[in-house]
Amino acid sequence: MVPVLSLLLLTLLAGTVVTFLAGRRARWVALATSVGFLFETLWLLDSYTSWPGRSGALGVPQYSDGESYAWISVPWLHINYTVGIDGISLILILLTAFLQLATVVYCWTESRRPSAWFGLVLLTCLGSFGVFIALDVLLFFLFWEATLIPMFFMIGFWGGPRRRYAALKFFVYTHVASIVMLVALLAVVFYAHAASFDFSDIYIATHSSGFPIVTQAMLFLALFFGFGVKFPIVPFHTWLPDAHVEAPTGGSVLLAGLLLKLGGYGLIRWAVEVLPQGLAHTSWIVYGVAFASIIWGTVLSLSQRDLKRMIAYSSINHMGIVLLAIAVYSSLGLLAAVLLMFAHGVVSGLLFMASGSVHHTFGTRDIVTLRGITPRTPVLATMIMVGSLASLGLPALISFPAEFTALLATWDRLGYWVLLPLVILVVTAGFYLWMMQRVLFGPPQNIPEKAHDVDVYETAGMAILVALIILYGVLPGFLVNVIVNSPVYGFP
Amino acid sequence: MTDFVVAQFVGLSAALLGIGLFGILTRRNFILLLIAIEIAINAAVLNFVYFAGFATGPGGVSGQAAAVVIVGLAATEVAVGLAIVLALNRQRGSINVAEATTLRQ
Amino acid sequence: MGAFDSLFQWAFLVPLFPLLGLVIVGFFGDRMKKAEFGGWVAVAFSGMAMVLGVLIAVGEALTPGRYTDVSYAWLTLPGTQSVFSNGFSLVMGTLVDPISALMLIVVNVVGFLVMLYSIEYMHHDKGLPRYYAELSLFLVAMNGLILSDNLLEFFLFWELVGVCSYFLIGFYYEKPSAASAAKEAFLVTRVGDVLFLLGIFIYFATYATSGGGAGWAASGFKFTTGSTPFLGSLVGSASSPTLTIAGLMMLAGAAGKSAQFPLDVWLPDAMEGPTTVSALIHAATMVAAGVYLLAVVSLFLGFTADDRLAIVAVGGFTTIWAASMAVVNTDIKRVVAYSTISQLGYMVLAVGAGFAMVGLYHLFTHAFFKALLFLAAGAVIHAVGTQDLLKMGGLGKSMRITSIAFLIGALSLSGFPGFAGFWSKDDVLASVYSQVGAHPLYWPFLLCALATVFLTAYYIFRAWFLAFSGDHPRDPTLPHGHDAPWAMRLPLLVLSVLAAVAGLFAFLPSFSSLLPGANVPPVYGSTDLVLTAVSAGLGLGGIGVAYVMWGNGRVFQLPSGSPLQGARTVLLRRYYMKDAYDWIGLHGVYRLARAADFVDQFVIDGSIRGIERAFSSLSNGMRRLQTGVVSDYAAYVVTGLVGVLLFFLFVAPWIFRTMGGG
Amino acid sequence: MDPVSWTWFLPEAFLLGAALLVFLLDVLGVEKLEAFGAVAVGATALSLLAVVADLGFTPLSFLSTLPPSVVDSGGGATSLYAFSSLGLVFQGVFLSSALLVSLASLSRPSHEKGAAVFYGLLLMATLGMMLVAVSADLIFLLLAIEVTGIATYLMVGYTRKDARGLEAAMKFYIIGALSTALSFFGASLLFGAFGSTNLLVLSQGLGGISNHSLALVGYAFLIVGLGFKVTLVPFHAWAVDVYDGAPTDVSAFLAGGTKKMGVFAFFLVFIGPLSILTVRAVNCTGTVCIAPYDFRPTVELTLGLLAIVTMTLGNVLALLQKEMKRMLAYSSISQAGYMMIGIAIGTAPALAGATLQILAHVFMKAGAFLVVAGVSALGVGPLIAQYRGLGQRRPYLGVAFALMLLSLAGIPLTVGFVSKFILFSAAVQASTVAGQSFFFWLAVAGLLNSALSVFYYARVLKVMYMESPDASVPLDGPAGDPTGGLGYGRSAAILLAVVAIVALGVYPQPVFSAIQAAATHFVASGA
């Protein structure tokens with residue numbers, strides 16, 4: 001059979017390399033690559049009809065389109081190039097494809113070193129795609145780190161005034177986290193005496209009896225920290241606002257849309273699936289962190305004056321809900337988590353694009369001084385409105401089914417604790433509405449003379465995401481039916 | 001033979017080493033440093049000669065041989081050292097090692 | 001029977017027509033040469049929706065007690081350990097049943113009339129296409145809501161109508177007051193909505209696990225199983241504390257949407273929107289959705305006794321709470337708005353008393369006369385350009401039709417015998433009265449309701465006298481008003497007729513099948529005639545008092561220094577409720593947020609930056625050791641030597657002794 | 001084992017011959033640097049091939065100089081030298097660093113004075129290191145080290161003109177001589193304790209031990225003496241000044257070559273069953289029985305702690321370093337810490353990991369120094385800040401340098417990542433044995449340190465890519481020069497390093513499996 005995943009990987013790889021060397025024509029190469037990648041992904045989606053299921057007495061989850069080649073192999077160390085997908089990774093790959101295309105289109109007019117810029121964009125997507133398909137610890141970690149470098153340069157070279165500080169902060173934070181994650185994964189491999197670094201071998205090792213619960217709990221917490229910083233979880237979240245505020249628009253889109261998702265995906269695939277006992281015995285910690293992130297993210301969004309900073313904090317809140325949905329550890333919750341990650345990826349992508357356009361149209365992102373932009377830039381205003389309404393969970397927009405399932409799962413496991421996220425929903429609505437009232441409505445204020453509505457490329461880039469928001473909001477079944485074709489089943 | 005004797009002799013060579021080290025730490029004059037280094041090295045030589053007396057091991061390099069080799073080696077070292085002294089002297093007209101501190105921190 | 005099956009199958013077209021209108025107006029409205037044309041398109045589609053809706057209602061009326069449910073799977077979700085272990089599905093569908101048929105009439109008739117009216121009323125506005133797009137969207141959502149066949153779908157459209165009202169209240173978004181009112185409306189209703197959502201969860205969980213509900217769960221929580229109301233399969237589980245909480249959550253949702261105490265602050269401010277919007281959304285239809293929700297729940301899922309008491313309490317108190325504020329207000333729209341809140345209180349009251357149909361009956365009549373009042377008020381505002389009653393006066397001469405329309409509405413509202421409002425309000429009171437035995441606490445709220453009858457009559461006629469009686473406006477600068485063109489008149493006429501006679505529909509045998517148990521007063525026993533007499537008398541009394549104080553251009557001045565002045569200000573300040581909310585929002589939440597921001601920047605981030613600083617200072621300290629003097633380096637070596645020796649000979653053995661092995 | 005044949009030492013002989021040839025040419029008045037360079041490059045390349053052939057790389061077998069039976073047969077209790085395959089691997093390491101340096105030095109100004117001395121000494125130093133790799137006797141080992149030592153003292157100061165170089169040479173010499181004295185003293189004590197200096201005897205206690213505290217003290221002295229070469233903290237202070245003051249190519253050689261020699265010396269002395277319990281039991285006749293003693297835990301603990309201290313201090317000191325060369329010097333100190341982890345653990349996997357790390361370090365650190373040398377030849381430096389915009393003005397050079405730094409930081413797809421990954425995996429694996437949890441914390445310390453190190457490498461990247469170049473800095477080199485002022489030799493060397501970094505980073509299997517096999521043999525046969 002065709003090694004589909006490697007083909008996709010090659011597509012991105014070739015596209016990236018060529019883009020870097022393409023000079024002035026880079027944007028076309030990037031566009032071609034992302035379109036091609038999108039079509040391949042859709043083809044993959046179409047061909048992915050059912051989940052191979054579990055095998056063996058331990059119920060080891062199987063993955064479709066699997067490939068495995070020996071990579072490093074000495075008597076005590078067996079590392080393979082092993083890839084494969086299930087519904088969860090497939091949905092996130094779809095997200096990658098769409099965001100990649102949208103970003104490339106949105107940034108079409110990038111004039112500073114376009115070849116480098118578009119190359120880095122593709123590289124980031126390449127990295128996250130790899131993370132989503134990798135089923136071997138080393139491979140996974142390799143791609144995981146591979147997303148770091150391009151983002152570091154994107155922020156640091158194309159970013160705002162304090163970009164260098166932000167870039168370094170981002171890099172060191174996330175790198176430290178991934179180091180901890182790596183230690184924990186190595187410990188899992190060796191303490192559980194896994195036959196190789198492959199996911200399935202690790203799964204077998206950790207699920208077969210004789211792997212002490214205490215060790216599992218400790219290792220799970222380590223992994224939780226490692227993945228959590230990417231979420232980000234309170235109190236390790238302070239890199240996010242700085243990174244977002246300083247990052248160029250495209251960078252923010254990928255950062256919020258993809259890189260945060262890596263944390264969620266990693267937690268599901270490499271912590272929850274591998275060490276369910278660990279989660280079971282530390283769940284109260286995870287719940288605590290999740291609630292803390294939800295509340296803290298929201299409360300802080302309320303107090304922000306910078307549009308971008310506000311959105312950044314609100315993604316802390318949304319990812320907190322993802323974490324909550326994962327922590328309830330039920331198939332419904334897991335489904336909700338993945339759905340929510342997709343939704344947040346698209347919505348925050350749109351919002352960051354919009355705020356980027358606001359910034360270079362009006363020269364400021366200050367919610368308090370900027371007022372009444374609607375008459376001057378109706379399209380942009382509409383985008384912001386759609387994004388905000390989606391983000392505050394309006395039905396028929398993508399976030400609603402996700403948040404609904406997440407909250408239902410929470411209710412099912414935690415009972416009336418669900419009131420907390422519910423109340424937070426109100427507050428979330430509060431600051432989005434406040435922002436819209438200030439920025440979109442009211443008598444125009446501080447609108448520069450030359451300010452004109454967003455150009456066709458930016459519009460197209462945002463339109464792609466808006467289309468997704470509405471399409472999957474009205475017909476979430478498209479996503480759900482894929483996600484459930486995955487180890488989601490078999491969870492309590 | 002008893003540990004006591006060992007202790008005495010090792011004590012002697014240790015004292016020799018100590019003198020050498022003391023010299024290396026306190027002297028600033030390169031020539032004196034070289035002398036101190038010589039002393040320190042000779043502590044080892046003394047040990048070899050002494051232990052060779054009752055080496056029960058299956059041989060290999062015998063203690064005396066080692067001693068002779070080391071003496072030769074020490075000579076080479078000093079030669080190199082002197083070369084550096086001359087160059088240093090030509091460079092800055094002083095052989096006070098404490099004055100050469102352009103490379104620091 | 002069979003004749004209508006196909007018709008009911010096509011019910012989904014009702015929301016679909018306005019959707020087409022929305023698409024056309026929304027995408028091409030701005031490109032059309034004459035803005036009105038887009039409006040006409042929207043009107044046409046809403047007209048089709050009306051025709052079909054009324055047809056369906058008639059069909060339903062002719063086949064009593066028929067439930068036609070068409071639904072499609074929307075989401076199929078995996079179950080969880082405790083609930084739906086083998087997964088469950090969420091569906092989207094249409095359910096045609098008596099009450100939705102009733103609502104179809106209300107929504108589409110009023111909707112069509114208002115759209116027609118707006119052609120003239122809004123034609124100066126440059127935002128006309130946007131207006132019609134949003135209005136069509138509202139009709140889509142509202143029809144979807146009343147036709148929805150399960151609780152989740154209901155909630156989905158519930159939120160959509162909410163956002164429509166957000167858009168329409170903020171229609172004049174360049175007015176800061178409008179923007180702020182829109183936000184307020186969304187937020188306050190949002191509070192109710194999330195509680196509503198929690199209620200849905202509770203129902204899901206409870207019913208899905210209860211024996212009767214498993215099938216229900218599998219079928220997507222529809223209101224009906226097959227062609228019978230779902231309630232049937234729930235007997236027995238209908239009185240658990242959990243269900244009580246669920247019911248209260250439903251009440252909270254309804255209170256948010258229907259502006260019941262204490263979530264009522266947003267509705268008066270919602271009058272920032274165009275008057276037509278107020279007529280359609282904030283009087284006739286959307287705000288009634290809360291009542292509809294309560295009715296649906298009480299019919300299909302069932303309320304517990306405690307729930308009913310709570311509902312009665314909220315409704316009963318709201319009637320007088322709002323009416324009292326209307327008494328002193330001098331803004332014609334706000335007076336009508338307060339009366340809306342108060343009337344909604346009546347409906348809630350009836351549902352709480354256990355007579356959902358009576359509530360809907362009042363909803364039905366109220367929709368017409370309240371829409372009429374708003375449109376008439378709109379005509380006045382359109383003509384004279386102010387909303388301040390104290391400036392108006394004597395408009396009866398110049399705007400005869402309008403004044404008569406308003407008068408009819410006022411009579412109907414104040415329950416003048418024979419008019420629509422009379423019958424329905426009377427039923428409400430009677431239904432509550434019939435339940436006073438159930439719980440002693442029913443009495444005070446019945447009394448509230450009765451007192452409100454008097455107040456209602458008073459304030460609405462005060463408004464009418466202030467606006468229309470007398471011989472000339474009190475503010476001479478006021479433009480000389482005249483009656484509106486026919487596009488505005490026609491709706492007024494139709495609504496006037498309906499406001500007069502809508503109550504009588506209940507007596508048509510066929511129509512009454514839409515309101516089982518609410519057809520003919522007196523239905524609740526012999527005492528009812530007394531009650532009727534009392535309420536009618538109170539109404540007339542109110543009108544009389546109003547005439548004495550305000551009739552013929554009189555203006556009643558409350559003597560300054562009278563103890564009532566204080567009460568008056570309290571009422572004008574709306575019992576300081578809004579101020580309280582604002583205070584909480586600003587001084588409570590926002591201050592908290594600022595503090596949190598400080599903590600985030602200086603405590604959390606600061607501590608991590610502290611680590612960084614610690615490292616760099618360590619680095620600096622260490623660098624000093626690199627003196628450049630070779631003797632020092634030698635000293636380090638020797639120190640190291642000593643250290644290693646000590647470690648070898650003493651420390652390491654000690655460690656091994658204490659820890660036992662590496 | 002087979003009768004000794006002089007052909008076994010052909011690689012060493014090449015180097016010696018080449019060195020003599022260089023001096024001869026110098027005497028004959030040849031002045032072209034390229035001539036000497038060619039000789040050096042040729043000799044090192046040739047013997048490198050021979051060593052690779054000896055390692056059993058069949059395509060080159062016609063070059064092999066050792067009969068397979070000799071390799072890993074282990075030296076006898078009396079032999080001075082033994083050919084272990086790990087030793088051959090290290091010879092490969094030494095030779096490749098020598099090759100890189102001599103290749104790069106070809107681009108130095110032709111007619112530079114002292115070129116002959118430089119190349120001659122380079123070859124001599126390499127010869128010494130080669131001998132270290134095959135030595136089986138402590139004295140022989142220390143002598144070989146001295147050969148290298150003396151050669152490198154002179155290399156540091158060979159120009160005799162530039163004051164910094166001379167000062168560096170002086171410091172290097174004094175500390176070096178001191179450590180020589182210490183290590184010989186340690187050796188003498190071991191001789192006293194074991195009655196022999198043969199490493200096999202030492203490591204297995206053949207012939208019994210008369211006094212274990214004597215031996216302990218001896219080992220302590222050796223740790224210090226050898227630790228100087230490996231630049232363990234606190235014996236590191238010299239390294240910074242020397243790497244800084246020496247001609248940069250020499251720094252590259254010191255960091256890439258001689259340090260590794262010290263590590264291998266550690267392997268020889270401290271790896272293998274450092275326990276004499278069993279032996280003690282049989283030899284307990286006649287003389288007084290002394291309680292059996294197991295050196296291993298003590299050595300493990302000491303080396304482990306030294307490793308942690310070295311890594312941490314090296315990184316901390318590098319954090320705020322303003323000069324490029326000194327920053328690299330500190331970073332190479334911390335890298336020495338990683339290598340010590342392998343020695344402290346001493347299992348075959350750990351050894352293999354450390355060896356791979358060492359091989360990686362040749363390419364990334366020596367490579368980095370070579371780039372620095374080239375850039376400073378353009379007139380840039382010594383401050384990091386002066387590298388501003390390098391990545392933008394010289395894309396290829398920038399990418400090469402960035403790759404080396406990323407590899408040092410341990411970012412995936414570089415050999416630096418693979419080696420660290422394997423090393424720490426080995427540590428974790430070793431820690432799963434009961435009572436060895438200490439190793440787990442070694443791994444954690446190492447990983448956290450590598451996270452810390454990212455900070456200063458990233459800072460350089462930041463300067464190179466995110467700050468705009470100032471026009472005054474002559475980054476572009478002379479016009480019309482395709483190598484932009486680097487010269488072909490240096491460009492070739494840098495390219496070589498980059499290729500190695502990426503190739504080993506993407507597919508380390510062939511090399512690593514060879515190393516693993518060698519390490520397994522080494523531990524089994526105990527040197």
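This is a predicted model: local features need pLDDT of at least 70, side-chain atom pairs count only at pLDDT 80 or more; totals for chains, interfaces and linings use all residues.

Reader: OK, loops then. Which peptide bond at Pro232(A) is cis?

Author: The one that joins Phe231(A) to Pro232(A), with omega at about -5 degrees. Pro232(A) sits in the loop between α9 (213-228) and α10 (239-246) of chain A.

Reader: And what about the bond from Val234(A) to Pro235(A)?

Author: That bond is cis as well, with omega near 5 degrees. Pro235(A) is also placed in the loop between α9 and α10 of chain A.

Reader: Is Asp65(A) buried or exposed?

Author: Buried, because Asp65(A) has 22 C-beta neighbours inside 10 Å and the cut-off for buried is 20 or more.

Reader: And Tyr576(C), where does that one lie?

Author: Tyr576(C) is in the loop between α23 (564-572) and α24 (577-625) of chain C. Its phi is positive too, near 60 degrees, and it's a residue other than glycine. Tyr576(C) counts as exposed, since 11 other C-beta atoms lie within 10 Å of it and exposed means 12 or fewer.

Reader: Let's do helices. How does the span of α4(A) compare with what's expected?

Author: Helix α4 of chain A, residues 114-133, has 20 residues and reaches 29 Å from its first C-alpha to its last, close to the 28 Å expected at 1.5 Å a residue. Of those 20 residues, 19 are buried, so α4(A) is largely enclosed by the rest of the structure.

Reader: What about packing in chain C? At roughly what angle do α17(C) and α20(C) cross?

Author: Their axes cross at roughly 25 degrees and come within 9 Å; α17 is residues 400-413 and α20 is residues 486-501 of chain C. That angle is under 35 degrees, so α17(C) is roughly parallel to α20(C). The crossing is left-handed.

Reader: Which residues make that contact?

Author: From α17(C), Ile401(C), Thr402(C), Ala405(C), Ile408(C), Gly409(C) and Ser412(C) take part, and from α20(C) it's Arg489(C), Leu492(C), Ser496(C), Ala499(C) and Ala500(C). Sorted by class, the contact of α17(C) with α20(C) has 6 nonpolar, 4 polar and 1 charged residues.

Reader: On to interfaces. How many residues of chain C are in contact with chain D?

Author: 27 residues of chain C, against 33 residues of chain D. On the chain C side, α24 and α25 (630-659) each supply at least two residues. The largest share comes from α25(C), with 16 residues.

Reader: What does chain B itself consist of?

Author: Chain B has 3 helices and 0 strands. Buried residues make up 41% of its 105 residues. Among contacts in chain B with a separation of 6 or more, 47% are between residues 24 or more positions apart.

Reader: Last one: what does Ser105(D) touch?

Author: Leaving out residues up to four places away in sequence, Ser105(D) touches Gly37(D), Phe118(D) and Asp249(D). Ser105(D) is found in helix α3 of chain D, residues 85-105. With 29 C-beta neighbours inside 10 Å, Ser105(D) counts as buried.

Reader: How far is Ser105(D) from Arg394(D)?

Author: Their C-alpha atoms are separated by 21 Å, and the two are 289 residues apart along the chain.

How values were computed:
Residues are numbered from 1 along each chain as its sequence is written. Chains are lettered from A and ligands numbered from 1 in the order in which they are written. Axes are lines fitted to C-alpha atoms, for helices over the stretch in contact, and angles run from 0 to 180 degrees between N-to-C directions. Helices (H or I, at least four residues) and strands (E, at least two) are DSSP runs, numbered from the N terminus. Angles under 35 degrees count as roughly parallel, over 145 as roughly antiparallel, 65 to 115 as roughly perpendicular and the rest as oblique. A crossing is left-handed if the near helix is turned anticlockwise from the far one by less than a right angle, and right-handed if clockwise. Two residues are in contact if their C-beta atoms, placed from the backbone, lie within 7 Å. Ala, Val, Leu, Ile, Met, Phe, Trp, Tyr, Cys and Pro count as nonpolar, Asp, Glu, Lys and Arg as charged, and the others, Gly among them, as polar. The expected span of a helix is 1.5 Å times one less than its number of residues.
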